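Subject: Handing over a structure

Hello,

Here is the structure I promised to pass on to you. Have a look at it first, and then read on for what turned up in it.

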Amino acid sequence: MWMKLLLIVALAGIYTQAKEDGRGQISGEVEEARWRVAESPDAFKVRLSLKSALGDEAYTWNENELYLFRAAMAYTMRQYYMAEKGQQVNFTSENIVTSEVTPRISFFFYVTNPDAAATITKAEVEAAIRLSRGRINSAFLLSDDTLEFVGLLATLSPPAEPTVEVWLIVFGVVIGFVVLVGVFLIVSGFRNRRKRKLKMDDDDEGKAGEEIESGGVTNSGFEEEDDRRTQL
C-alpha cells in the first residue's frame with residue numbers, strides 16, 4: 001500500500017517537473033522569437049508621434065497601448081482574410097509578436113499564422129494594413145504621418161471624380177474662346193469704321209475751309225449776266 005502511494009507521489013512530481021520544464025522551454029522559445037522579430041524579413045517597424053499629433057493632450061504609451069495595437073492588428077488580419085480571401089482565420093493578439101519597444105515609441109512586429117507554425121508574409125500584412133488603415137489610425141487618434149509603418153507609403157485618398165465630364169469642360173472653353181474672338185472682331189470693326197468716318201469728316205471740313213479762304217466758289221451763270229449788263 002505504502003509502495004503504491006510513494007509511486008503515485010513520485011510520478012506526480014515527475015509530471016509536475018516535466019510540465020514546468022515544458023513551460024520554461026516554451027517561454028524561452030517565445031522570448032527568443034521576440035528578440036528575433038527585427039531580423040525577420042516579414043517584420044515591420046512602427047513609429048508613433050503622439051506629441052506631434054496631440055500636443056499637450058498626448059496620452060502615455062504603455063503595455064496597455066501596445067496590447068491595443070496587437071488587438072487592432074489582429075482585427076486587421078481577420079478583416080483582410082475575410083474580405084479578400086473569404087476565409088475566417090481567428091487571429092488574436094498573441095499572433096502579433098512585438099519587440100524592441102523604445103521610449104520614443106518605436107517597435108518591431110510580425111504576424112504569425114494561428115493555424116500553422118509560420119509567419120504571415122510582409123506583402124499580405126501590408127495589404128491588410130492598407131485595407132484597414134483608417135481603423136488603425138482612429139484607434140490611436142493618429143494619422144498616416146504620426147502612426148508610421150516604416151517602408152509603407154501613406155494611404156493616398158482616391159482621386160476625386162469631376163462632377164462635369166471632361167469633354168464638356170473642353171467644349172465650354174472652346175466656345176468661350178470663339179465668343180471672345182467674335183466680340184473682339186466686332187468691336188474692332190466698329191472702332192475702325194468710326195475712325196474712318198471721323199477722318200472723312202475732317203477731310204471734308206478741311207476742303208471747305210480752303211475754298212472759303214480762296215474767295216469762295218465762282219458761279220458761271222452770274223458771271224455771264226454781269227457781262228451782258230456791262231455791254232449795255
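**Salt bridges**

Arg130 is partly exposed, with a relative accessible area of 36%. Please keep in mind that this is a predicted model. The side chain of Arg130 meets that of Glu126 in a salt bridge, at 3.5 Å from N to O. Glu126 is partly exposed too, at 26% relative accessible area. Both residues belong to helix α4 and sit four residues apart, about one turn of the helix.

The count of salt bridges comes to four. Another of them joins Lys85 to Glu124, with the closest N and O atoms 2.1 Å apart. This pair links distant parts of the chain, since Lys85 is in helix α3 and Glu124 in helix α4, 39 residues apart. Lys85 is partly exposed at 36% relative accessible area, whereas Glu124 is buried at 18%.

Then there is Arg133 with Asp144, whose closest N and O atoms are 3.4 Å apart. Arg133 counts as buried at 3% relative accessibility, and Asp144 counts as buried at 16%.

**The sheet and its helices**

Now to the strands. Four of them form an open, antiparallel sheet in the order β2-β3-β1-β4. Because β2 (96-102) and β4 (147-149) are at the edges with a single partner strand each, one side of each has no neighbour in the sheet. On average, neighbouring strands are turned by 25° against each other, direction ignored.

Strand β1 (residues 44-48) pairs with β4 over three bridges, and Arg47 has Glu148 as its bridge partner there. Four bridges join β1 to β3, where Phe44 stands opposite Phe109.

Helix α4 (residues 122-131) lies across β1, β3 and β4, at about 35° to β1.

**A nonpolar patch**

One last thing to look at is a nonpolar surface patch of about 780 Å², whose residues include Val166, Phe177, Val181 and Leu185. Val181 is in helix α6 (residues 166-213) and is partly exposed, with a relative accessible area of 34%.

Best wishes

Definitions and conventions
Residues numbered from 1 in each chain as written. Predicted model: local features only at pLDDT ≥ 70, side-chain atom pairs only at ≥ 80, totals over all residues. Heavy atoms only, no water. Pairing = 2+ DSSP bridges. Helix = DSSP H or I, 4+ residues; strand = E, 2+ residues; numbered from the N terminus. Axes fitted to C-alpha atoms, helices over the stretch in contact; angles between N-to-C directions. Contact = heavy atoms within 4.5 Å. Patch = residues over 30% accessible without salt bridge, like charges linked within 9 Å, V, L, I, M, F, W, Y side chains within 5 Å. Areas by Shrake-Rupley, 256 points an atom, 1.4 Å probe, with all protein chains shown as cover. Buried < 20%, exposed > 50% of the residue type's maximum accessible area, 1.4 Å probe, protein only.
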